[in-house]
Amino acid sequence: MLGTSIKRLREKRGLSQSELADVLSVTAQAVSKWESDQTNPDIEALPRLASYFGVAIDDLFDYDKDLEYQRIDTILFQNDSISFEAFIKYADFLKADIDKDPKDHRALSTLADLYHFMACRINDKASDLAYRALLLCPDDQRDLNTLNNANNGHIEDFNISCHSKLIDMLYSLSDGNKETRRKLIENLISDHRLDEAMTLLDKVDHKAYYKLWIKESEEGYGAVKESYVNFESDDWYEVFGIANRLAKNHEYEKAIEKYLKAHKLTPKPRYTDMLASCAYISLLMDDKRRAKEFFKEELKLLKDEWHMTKGQLVQEL
């Protein structure tokens with residue numbers, strides 16, 4: 001709505017209605033009526049409004065909160081790249097909603113996604129630049145660290161590689177929340193805090209899978225290999241987890257079998273992770289023809305189940 005757009009731009013500048021009225025040589029009452037959509041600015045006032053706020057006239061009419069959220073979600077969903085200027089614009093829009101209502105979940109959640117999305121794009125750029133620098137000076141420790149960290153590589157330092165901060169936050173959120181407890185138990189196992197993970201087993205779904213993962217962490221892969229291979233379940237998440245454990249232990253053919261089963265069990269619309277894992281396993285096995293077929297299946301899934309035919313992910317595939 002035009003009135004909402006004018007109000008947002010005025011508040012962003014930190015102006016009162018009277019101050020904006022003085023700039024435009026109109027009354028404060030006129031500005032108030034614009035912002036409440038009782039009346040619209042005269043046609044002569046529109047260029048002055050647009051010029052003062054540094055936007056196009058069309059942008060004054062184009063603003064709608066739900067539409068703006070849809071634009072942001074589309075960028076995040078399609079994994080598109082955005083300019084820093086666009087990032088700042090969308091972040092300011094979401095911050096304004098949070099300033100009005102600090103408990104606005106939609107704004108908080110979307111802003112968190114937006115920051116993470118931009119962080120990933122910046123990490124991609126850091127990775128590319130560090131790699132190019134290493135081509136010139138292969139032993140530069142700073143560039144190696146940047147390349148490793150930008151790609152979530154192995155970090156030897158315990159204080160950095162452990163998930164203690166995340167685990168503490170998840171503990172504070174876990175009461176009565178199965179999904180949060182699931183993420184908590186997975187990070188505890190990852191950090192080898194197995195006694196703590198065991199105490200949570202009765203409070204989470206997928207117990208059979210987690211029990212095997214904990215046993216593997218305690219006794220080694222040999223103790224659970226047969227159980228992994230023979231694992232049967234109609235729970236897609238459990239089968240997906242078993243496939244991941246098999247893949248991490250180089251049981252590639254068995255892993256692909258489980259990934260494909262999990263893919264079939266998953267309700268639509270499905271994510272591409274299982275097909276992507278099959279494709280990368282095929283590349284590790286030097287089977288490029290098979291990998292190509294899995295990548296094609298990913299593209300088909302994105303088109304058929306998500307109606308996605310463009311964006312960075314589609315381009316990469």
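I began with histidine 206, which sits in the loop between helix H13 (194-199) and helix H14 (207-219). For helices I take DSSP runs (H or I, at least four residues), numbered from the N terminus. I'm reading a predicted model, where local features need pLDDT of at least 70, side-chain atom pairs count only at pLDDT 80 or more, and totals for chains, interfaces and linings use all residues. Residues are numbered from 1 along each chain as its sequence is written, and side-chain values use heavy atoms, with hydrogens and water left out.

Is histidine 206 buried or exposed? I found it buried, at a relative accessible area of 14% (buried is under 20%, exposed over 50%, partly exposed in between, with a 1.4 Å probe and protein chains only).

Asparagine 152 also has a positive phi, about 55°, and is not a glycine either. I placed asparagine 152 in the loop between helix H9 (141-150) and helix H10 (158-161). Asparagine 152 counts as exposed because its relative accessibility is 70%.

Next I noted a cis peptide bond between lysine 268 and proline 269, with omega about -5°. Proline 269 lies in the loop between helix H17 (252-265) and helix H18 (273-284). I jotted down a reminder that most residues other than glycine have a negative phi, and most peptide bonds are trans.

**Cysteines**

I looked for disulfides (cysteine sulfur atoms paired within 2.5 Å) and got zero. Cysteine 120 is partly exposed at 28%, while cysteine 162 is buried at 15%.

**Pockets**

My pocket search ran on a 1 Å grid over the protein atoms alone: a pocket is an open set of points where a 1.4 Å probe fits, with protein on both sides within 12 Å along at least five of seven lines, and lining residues have an atom within 4 Å of a point.

The largest pocket holds about 990 Å³. Its lining has 24 residues, with Asn79, His116, Cys120, Asp273 and Leu313 nearest the centre. Which helix gives the largest share of that lining? I got H8, with eight residues; H8 spans 105-136.

The second largest pocket comes to about 760 Å³. I listed 24 lining residues there too, and Lys183, Glu186, Tyr237, Phe240 and Asn244 lie nearest its centre. Here H16 supplies the largest share, eight residues, and H16 covers 236-248.

Key: Helices (H or I, at least four residues) and strands (E, at least two) are DSSP runs, numbered from the N terminus. Grid points are joined across faces, edges and corners, and a volume is the space filled by probe spheres set on the points.
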